[in-house]
Amino acid sequence: MEQKIIILDFGSQTTQLIGRRVRELDTFCEILPYNKFPKDDPSVIGVILSGSPYSVHDPEAFKVDLGDFMGRLPVLGICYGAQFMSHTLGGKVEKADSREYGRAHLETVDTSNPLFKGFEQNSQVWMSHGDTITAIPDGFECIASTRDVKYAGYTNGKDVWAVQFHPEVFHSVQGSLLLKNFVVDICGSKQAWSAASFVDTTVAELKEQVGDDRVILGLSGGVDSSVAAVLLNRAIGKNLTCIFVDHGMLRKNEFRDVMHDYECLGLNVIGVDASEKFFADLAGVTDPEQKRKIIGRDFVEVFNAEAKKITGAKWLAQGTIYPDRIESLNITGKVIKSHHNVGGLPKEMHLQLCEPLKWLFKDEVRRVGRQLGMPEHLITRHPFPGPGLAVRILGDITPEKVRILQDADDIYIRGLRDYKVRLSGEEARKVLAAGVPATMTDGEIEVSLYDQIWQAGTVLLSTVRSVGVMGDERTYEHPVALRAVTSTDAMTADWAHLPYDFMAKVSNEIINKVKGVNRVCYDISSKPPSTIEWE
Ligand code: XMP
């Protein structure tokens, strides 16, 4: 890794977003807890201090020793990062008269300063803080102000910059430009981080790491494990054995179709149909957590039994991606999301862990998949929960209920893929920036509803029955709920505003074609307070 930016996380909700923006500048970055700065890493070219839910005056506020990097590397403080530096270096931070939240405009901005190069006067920025800087430290100058925030930006004119607004959020219109000015012009990033360079370096590293050893990888049909497999296949070929377990709760025809895709990709895959075991162990179980536990346990059992047959395997590869590993801090400083472990693999196998995608965000995994020439439908596939349709059937699970849900879901998902929408302006730009393959003509692009949303699925409300009428017959059957959400990381999500004509068509088709369903509802809950899955 030649060059990297370190983002120190003080617990802000938008820290990950800073990381994504830096990566969009083809620059590698690492998000680390505020107190874990890697002092001896020569590849670090700059440091960004994130926001925080704390006030600098809180006794438990996160503190960092600025001497670890200040004076050696360019530093950019954002929001709390700006206040912390001011507070620590002799400026003043006080409670704002009113909480400064939302849109503001840079009424004065020093565009001769490299941080604000190319900025327009009155550029819109996004504020979110309860404290405000009322005096900057000696030797620093103010370089941007809004109507209410005098010190919206300040610098020492050398190697320290700070802004009280959030350049990483979408509503800071020139925020990406500010980050580019910092990362590229100030820190000197060569912008060499790309899908192609990632593939080249990772394949070489994997060859080095794994050598002639055999590797086992669990495939799920999802984009992360599939891309990890193709990457490893390129590095070590037939020494990679993949295991794909069918627990019977995949989407309609998914096992067959995905196995076919994997074979076309030249992967060495063992497909295991273990659905009977899962159905037997789940029979009569209605509690959501219980269902998850049984599926998790059975999965490990089936996977291990297969893995043990692969003699001489030394490595277990996983499609872990960066958001799975970032130690996000919550307000108490406790780690709320940590690296998931390889639960339950038999110790006697002595497998070492190999995670080739561990530095990537989801959209980057997709870019790498495209670089590797994988088919688009595998790359753009929505996330799907490990326990599958089991957490989308309320109440107990039977093969018949799974069949009903698969049929309804298949109509919904095919409908989403077939329905095309035309986008322009910022909406089109966002879709293209996410790497969705669409060409722009006359400022417009055409994409499917499926590619516009993060995730969609169907839920069978099998504990509910309602009355309907079909032909002359009274029906008394189950409803299904359709779910579609927009999101960037599944931590928060909003329900997708699907067009009415699409909903009408899909609802009609489901009720007419899927025996056992006589009503269709649309789930309009956001996360939080709801979750994406129903169970
Ligand atoms: P929730 O329902 O917590 O889901 O809002 C967030 C994201 O995680 C997926 N999900 C899972 N993925 N194993 C997985 O691999 C699981 O047990 C699991 N449960 C939820 C969910 O589909 C969504 O993308």
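Colleague: Where is D26 in this one?

Modeller: This is a predicted model, and in it D26 sits in the loop between α1 (15–24) and β2.

Colleague: And what is its phi?

Modeller: D26 has a positive phi of about 55°, although D26 is not a glycine.

Colleague: Okay, on to the strands. In what order do the eight strands of the open sheet come?

Modeller: The order is β2-β1-β3-β4-β10-β9-β8-β6, and the pairing in this open sheet is mixed.

Colleague: Which strands stand at the edges there?

Modeller: Those are β2 (29–33) and β6 (108–109). Each has a single partner strand, so one side of each is left without a neighbour in the sheet.

Colleague: Can you take me through β4 and β10? In which sense do they pair, and over how many bridges?

Modeller: Strand β4 covers residues 75–78 and β10 covers residues 160–163; they pair in the parallel sense, with four bridges. To pick out one of the residues, V75 has V160 in β10 as its bridge partner.

Colleague: Which strands does helix α3 touch?

Modeller: Helix α3 (residues 175–186) packs on that sheet and touches β1 (4–9), β3 (44–49), β4 and β10. The direction of α3 makes about 165° with that of β4.

Colleague: What does R72 touch, leaving out residues up to four places away in sequence?

Modeller: With those set aside, R72 touches F37 and K39. The R72 side chain also reaches the backbone oxygen of D68, at 2.6 Å.

Colleague: And how far apart are the C-alpha atoms of R72 and L357?

Modeller: They are separated by 31 Å, and the two residues are 285 residues apart along the chain.

Colleague: How many bridges join β14 to β15?

Modeller: Three bridges join them; β14 spans residues 313–317 and runs parallel to β15. Within that pairing, A317 stands opposite C354 in β15.

Colleague: Now the part I'm curious about: which residues surround the ligand?

Modeller: The ligand is surrounded by R292, P383, P385, G386, P387, Q455, A490, K527, T531, I532 and E533. Sorted by class, that shell has five nonpolar, three polar and three charged residues.

Colleague: How far is the polar side-chain atom of R292 from an oxygen atom of the ligand?

Modeller: For R292 the distance is 2.6 Å. Q455 also places a polar side-chain atom 2.7 Å from an oxygen atom of the ligand. On the backbone side, a polar atom of G386 is 3.1 Å from a nitrogen atom of the ligand.

Colleague: How much of the ligand's accessible area does the protein cover?

Modeller: On its own the ligand has 500 Å² of accessible area, and the protein covers 67% of that.

Note on methods. Residues are numbered from 1 along each chain as its sequence is written. This is a predicted model: local features need pLDDT of at least 70, side-chain atom pairs count only at pLDDT 80 or more; totals for chains, interfaces and linings use all residues. Side-chain values use heavy atoms; hydrogens and water are left out. A residue is near a molecule or strand if one of its heavy atoms lies within 4 Å of it. A polar contact is a pair of N or O atoms within 3.5 Å; within protein, one must be able to donate a hydrogen and the other to accept it, and residues adjacent in sequence count only if both atoms are side-chain atoms. Accessible areas come from the Shrake-Rupley method with a 1.4 Å probe; for residues, only the protein chains shown count as cover. Ala, Val, Leu, Ile, Met, Phe, Trp, Tyr, Cys and Pro count as nonpolar, Asp, Glu, Lys and Arg as charged, and the others, Gly among them, as polar. Two strands pair if DSSP finds at least two bridges between them. Helices (H or I, at least four residues) and strands (E, at least two) are DSSP runs, numbered from the N terminus. Contact means heavy atoms within 4.5 Å. Axes are lines fitted to C-alpha atoms, for helices over the stretch in contact, and angles run from 0 to 180 degrees between N-to-C directions.
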